[in-house]
Amino acid sequence: MIKDMTVGVIAAMGKELQMLLPLLHDCETMQMGGLDFHRGKMGRHDVVALQCGIGKVNAAIGALTLINHFNPQYIINSGVAGGANPMVKVMDAVAGERVAYHDVWCGPENLVGQVQGMPLYFVGASELLDLLPVREGIHRGLICSGDQFIDTRDALEDIKRDFPDALAVDMESGAIAHVCHVCHVPFLALRVISDSPGASRDNTRQYMDFWNDAPRETFNIVKDIITNL
């Protein structure tokens, strides 16, 4: 076990944050840089949670503000994502062994998804991955990020042509992983699958219905990881 530390937890939306805040004890809220930070305890560790907002720019601002003000030893990006592989079902969780942008193209000297000067894949922190519960419905693999809600089979197939092994798609993990890479902060994206683009006629409705039955216990995976650090 690692001595007491500060762990940052970033969610994009209020619905996601509300799944996480009940896991904190002795929580206080403060505002910095226009963002609300909720600081409390999970086990013996300090946890700072925030809602960054949707998309890569909001995610990067949130991650950098968190790092600059609280100096976390780890950052976990928790929330929901669309499924990108038939083996990943709604309500399953995907942990990002790797994270990549699916909507970046910096020219022929770089790979699709690669920001010039950055790696194609941002690698999840092995010490956090090692603390994942071993049970059905928890998957490890590639998460792809971009500024687009993926709501059609065609859009998902475009991503899969470049990243055939993708398990999930979201809008923030890539930017948070990018900031953490630059700032040398170990990072993990941990996403609950809310919908399956292309698997139903209306995955937008599937996504909305997810919140009626969203498994609060699945977000407890974050607590499991942090308390076992």
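User: Which backbone oxygen lies 3.4 Å from a polar atom of the Y101 side chain?
Analyst: That of G174. Keep in mind that this is a predicted model.

User: What does the Y101 side chain touch through a polar contact with another side chain?
Analyst: The side chain of H178, at 2.9 Å.

User: Where is Y101?
Analyst: In strand 6, which covers residues 93–101.

User: Buried or exposed?
Analyst: Y101 is buried. Its relative accessibility is 6%, and the cut-off for buried is under 20%.

User: Which residues are in contact with Y101, leaving out neighbours within four places in sequence?
Analyst: K56, G113, V115, F122 and S145 are on the list.

User: Moving on to E172. Where does it sit?
Analyst: In the loop between strand 9 and helix 5, the helix being residues 173–183.

User: A loop residue, then. Is E172 buried or exposed?
Analyst: Buried. The relative accessible area of E172 is 4%.

User: What is E172 in contact with, beyond its neighbours within four places?
Analyst: The contacts are A12, C52, G53, I54, G55, A59, N77, S145 and R191.

User: Now strand 9 itself. How many of its residues are buried?
Analyst: 5 of its 5 residues, so the strand counts as mostly covered. Strand 9 spans residues 166–170.

User: Which way does strand 9 run against strand 8, parallel or antiparallel?
Analyst: Parallel, with 4 bridges joining the two. Strand 8 is residues 138–145.

User: What else pairs with strand 5?
Analyst: Strand 1, residues 6–11, runs parallel to strand 5 and is joined to it by 4 bridges. V7 stands opposite Y74 of strand 5. Strand 10, residues 187–195, also pairs with strand 5 in the parallel sense, over 8 bridges. There, I75 has F187 as its bridge partner.

User: How many residues of strand 5 are buried?
Analyst: 10 of its 10.

User: Which one has a positive phi of about 85°?
Analyst: M91, which is not a glycine either. M91 is in the loop between strand 5 and strand 6.

User: Cysteines next. How many disulfides are there?
Analyst: A search of the whole structure finds 0.

User: What about C183? Which cysteine sulfur is nearest?
Analyst: That of C180, 7.2 Å away. The cut-off for a disulfide is 2.5 Å, so C183 is in none.

User: How accessible is C183?
Analyst: C183 is partly exposed, at 27% relative accessible area.

User: And C106?
Analyst: C106 is also partly exposed, at 36% relative accessibility.

User: Now the overall picture. How many helices and strands?
Analyst: The protein has 7 helices and 10 strands.

User: What share of the residues is buried?
Analyst: 56% of the 229 residues.

User: Last one. What share of the contacts with a separation of 6 or more comes from residues 24 or more positions apart?
Analyst: 76% of them.

Notes:
Residues numbered from 1 in each chain as written. Predicted model: local features only at pLDDT ≥ 70, side-chain atom pairs only at ≥ 80, totals over all residues. Heavy atoms only, no water. Buried < 20%, exposed > 50% of the residue type's maximum accessible area, 1.4 Å probe, protein only. Pairing = 2+ DSSP bridges. Contact = heavy atoms within 4.5 Å. Polar contact = N/O pair within 3.5 Å; in protein donor to acceptor, adjacent residues only side chain to side chain.
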